[in-house]
Amino acid sequence: MTAMRDNHMMIRPIKPRDSQTGTAGFTLLEMTIVLIVVGLVIGMVAPLIGQITDSTREKSTSVRLDGIEKAIVAFVRSEGRVPCPADPSATPLGEERNSCNSTGTDDGIVPFRSLGLSEEAVLDGYGQFISYHVDDTYADNSLSAPLVAGGFCGVADNNITVDDEDGDDLSPTQEVVYVLVSHGENGFGRFNPSSSNRISDTSGGDFEDENADDDDNFVATKFLHEDVTDGPYDDQIAWSTKNNIANAVQEFGCSSD
């Protein structure tokens, strides 16, 4: 008779992995090397991400400033004057003051309601209100329409100055009508809602402080680090002259400029 075969299967034991051969998984040394490489990559990429974020906020601020200026031009076209600033402590927020011909009332935040803008449209890339300073002569609500003799173009006033870092006037022959200021990431000099006082208005460098002291003098320059003379400075500024506004409104400027 044929011998009976064993019906039981032979189970072979699994051979333990030889930690010296490295045929599976990671050794402690390999894991350490991977972590070091990842750390180096993160260290190199993090500053680039920060730069991209800063650039995005700066561009967003520039876009908001441009939108506000276009809204001001539309307001001049309709009303024959620029709007007064809005009181940051008023309710509702965003309505222009009835008049702005006294000290302090020619400063405030952008009157977004009067310009037909949303509140978000007058916040800079850091979520802070953009400041608005006006030469009250051009915000006089008794002015005629800009196309009428003696109206907007007939005004002659040159109170506001915008200087560079060397103190040179950036608009020496033209009247500056208004100045818009984003107070940057540090926010020194900004207004907060429910308060007419500026925040940390003397905590910046000399140039930032100049943009927050409520007078008619402003400084527009490049960004400055804290350890640089007159730094820190991270403000972004936009301003317009009478002639620039008239060019945008009636396409041929003011003949007096």
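This is a predicted model: local features need pLDDT of at least 70, side-chain atom pairs count only at pLDDT 80 or more; totals for chains, interfaces and linings use all residues.
**Aromatic pairs**

A pair of aromatic rings is described by the distance of the centres and the angle of the planes. Searching the whole structure gives two aromatic pairs. In one of them, Tyr132 and Tyr178 are tilted, with 6.1 Å from centre to centre and 50° between the planes. Tyr132 belongs to strand 2 (residues 131–134) and Tyr178 to strand 4 (residues 176–182), so this contact ties together parts that are 46 residues apart in sequence. Tyr132 is buried, at a relative accessible area of 1%. Tyr178 is also buried, with a relative accessibility of 1%.

The rings of Phe207 and Tyr233 form an edge-to-face pair, because their planes stand at 85° and their centres are 6.3 Å apart. Phe207 is part of helix 3 (residues 206–210), whereas Tyr233 sits in the loop between strand 5 (217–219) and strand 6 (236–241); the pair therefore ties together parts that are 26 residues apart in sequence. Phe207 has a relative accessibility of 11% and counts as buried. For Tyr233 the value is 1%, which also counts as buried.

**Disulfide**

A disulfide is a covalent bond between the sulfur atoms of two cysteines. The search of the whole structure finds one. It joins Cys84 to Cys100, with an S to S distance of 2.2 Å. The torsion about the S-S bond of Cys84 and Cys100 is about -70°, so the disulfide is left-handed. Both cysteines lie in the loop between helix 1 (28–79) and strand 1 (107–109), and the bond therefore ties together parts that are 16 residues apart in sequence.

| Residue | Relative accessibility | Class |
|---|---|---|
| Cys84 | 2% | buried |
| Cys100 | 3% | buried |

**Helix 4**

Which residues of helix 4 (residues 242–250) are buried? They are Lys242, Asn243, Ile245, Ala246, Val249 and Gln250. These residues cover an arc of only 160° around the axis, so they lie on the same side of helix 4. An α-helix has 3.6 residues a turn, so residues three or four places apart point the same way.

Definitions and conventions
Residues are numbered from 1 along each chain as its sequence is written. Side-chain values use heavy atoms; hydrogens and water are left out. Rings of Phe, Tyr and Trp (its six-membered ring) pair if their centres lie within 6.5 Å; planes under 30 degrees apart count as stacked, over 60 as edge-to-face and the rest as tilted. Helices (H or I, at least four residues) and strands (E, at least two) are DSSP runs, numbered from the N terminus. Buried means under 20% relative accessible area, exposed over 50%, partly exposed in between (1.4 Å probe, protein chains only). A disulfide is a pair of cysteine sulfur atoms within 2.5 Å. The arc is that of the directions from the helix axis to the C-beta atoms.
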